[in-house]
Amino acid sequence: MRLLIRHIAILLALVVVSSISVLGFPDGAPVDTCVKPRPNQPYHGEARSQPLNTSPYKIVASSSRYEPGSQITVTIVGGAFKGFFLQARDSKTNEWTGSWAQTPNTNTHPECSAVTHADPRDKEQATFLWNAPPNARGSVYFTGTVLKDYATFWSDLTSQAVQ
């Protein structure tokens, strides 16, 4: 009898774990997305990033230059999408830099200067505020993934600064 109960418990645990992977992350990418072998890309089964030249989405930044205390507005445009994961990177070192202001329907990952969606609803556009490091100046770019749906996404998108 104990063996039967143990097998049922293991089976139940497997069902719960597998349902989590099927549902994905409706409240945004987990922080380990920053350091996975395919950084900034979702692990959505067999789905892979679409070719960059087919992307309907653009990441637009109000500037690429920063100084202590400055903020840069970053917007995703290009039609309806479900999710996103963006990071701020220093243009010279490619290191994560700065932080994101908490805005409605976003989650931030300060560990790697990332922002992600906080709900699975369709979005037509998303706007964020990035905060420069308090004691540095330089150039920054924003890179990441925009998901049209679970299996259709574009990774390694890079921001364009408004001139």
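Lys-123 is buried in this predicted model, with a relative accessible area of 11%, and the side chain of Lys-123 meets that of Asp-119 in a salt bridge with 3.1 Å from N to O. Asp-119 likewise counts as buried, at 8% relative accessibility, and salt bridges that share partners join Asp-119, Arg-121 and Lys-123 into one network.

**Salt bridges**

- Side chains of opposite charge can pair when their charged atoms come close.
- A search of the whole structure finds four salt bridges, and one of them joins Glu-67 to Arg-137, with the closest N and O atoms 3.8 Å apart.
- This pair links distant parts of the chain, since Glu-67 lies in the loop between strand 2 (65-66) and strand 3, Arg-137 lies in the loop between strand 8 and strand 9, and the two are 70 residues apart.
- Glu-67 is partly exposed, with a relative accessible area of 44%, while Arg-137 is exposed, with a relative accessible area of 59%.
- Asp-122 forms a salt bridge with Lys-82, and here the closest N and O atoms are 3.2 Å apart.
- Because Asp-122 sits in the loop between strand 7 (114-117) and strand 8, and Lys-82 in the loop between strand 3 and strand 4, this pair ties together parts that are 40 residues apart in sequence.
- Asp-122 counts as exposed at 53% relative accessibility, whereas Lys-82 counts as partly exposed at 34%.

**Overall architecture**

- Read from the N terminus on, the elements of the chain run α-β-β-β-β-β-β-β-β-β-β-β.
- Among contacts between residues at least 6 apart in sequence, 70% join residues that are at least 24 apart.
- The accessible surface of the chain comes to about 9400 Å², and 59% of this surface belongs to carbon and sulfur atoms.

- Strand 1 and strand 11 pair in the parallel sense over two bridges, and the bridge partner of Val-60 in strand 11 is Gln-160.
- Strand 3 and strand 8 run antiparallel and are joined by six bridges, with Thr-73 standing opposite Leu-129 in strand 8.
- Strand 5 and strand 8 also run antiparallel, joined by two bridges, and the bridge partner of Ser-99 in strand 8 is Asn-131.
- In a regular strand the side chains alternate between the two faces of the sheet.
- Strand 8 (residues 126-131) has a covered face made of Ala-126, Phe-128 and Trp-130, and an uncovered face made of Thr-127, Leu-129 and Asn-131.

**The nonpolar core**

- The largest nonpolar core holds 22 residues, of which Ile-72, Val-74, Leu-86, Trp-100, Phe-128, Trp-130 and Phe-142 touch the most other members.
- Strand 1, strand 3, strand 4, strand 8, strand 9 (138-149) and strand 10 (152-158) each supply at least two residues of this core.
- Thr-106, found in strand 6 (residues 106-109), is buried with a relative accessible area of 5%.

**Aromatic rings**

- A pair of aromatic rings is described by the distance of the centres and the angle of the planes.
- A search of the whole structure finds eight aromatic pairs, among them the edge-to-face pair of Tyr-57 and Phe-81, which has 5.7 Å from centre to centre and 75° between the planes.
- This pair links distant parts of the chain, with Tyr-57 in the loop between helix 1 (2-23) and strand 1 (58-61) and Phe-81 in the loop between strand 3 (71-77) and strand 4 (83-90), 24 residues apart.
- Tyr-57 counts as buried at 5% relative accessibility, and Phe-81 is buried with a relative accessible area of 0%.
- Ring pairs link Tyr-57, Tyr-66, Phe-81, Phe-84, Trp-100, Phe-128, Trp-130, Phe-142 and Trp-154 into a cluster.

Note on methods
Residues are numbered from 1 along each chain as its sequence is written. This is a predicted model: local features need pLDDT of at least 70, side-chain atom pairs count only at pLDDT 80 or more; totals for chains, interfaces and linings use all residues. Side-chain values use heavy atoms; hydrogens and water are left out. Rings of Phe, Tyr and Trp (its six-membered ring) pair if their centres lie within 6.5 Å; planes under 30 degrees apart count as stacked, over 60 as edge-to-face and the rest as tilted. Helices (H or I, at least four residues) and strands (E, at least two) are DSSP runs, numbered from the N terminus. Buried means under 20% relative accessible area, exposed over 50%, partly exposed in between (1.4 Å probe, protein chains only). Contact means heavy atoms within 4.5 Å. Accessible areas come from the Shrake-Rupley method with a 1.4 Å probe; for residues, only the protein chains shown count as cover. Two strands pair if DSSP finds at least two bridges between them. A nonpolar core is a set of buried Ala, Val, Leu, Ile, Met, Phe, Trp, Tyr and Cys residues joined through side-chain atoms within 4.5 Å.
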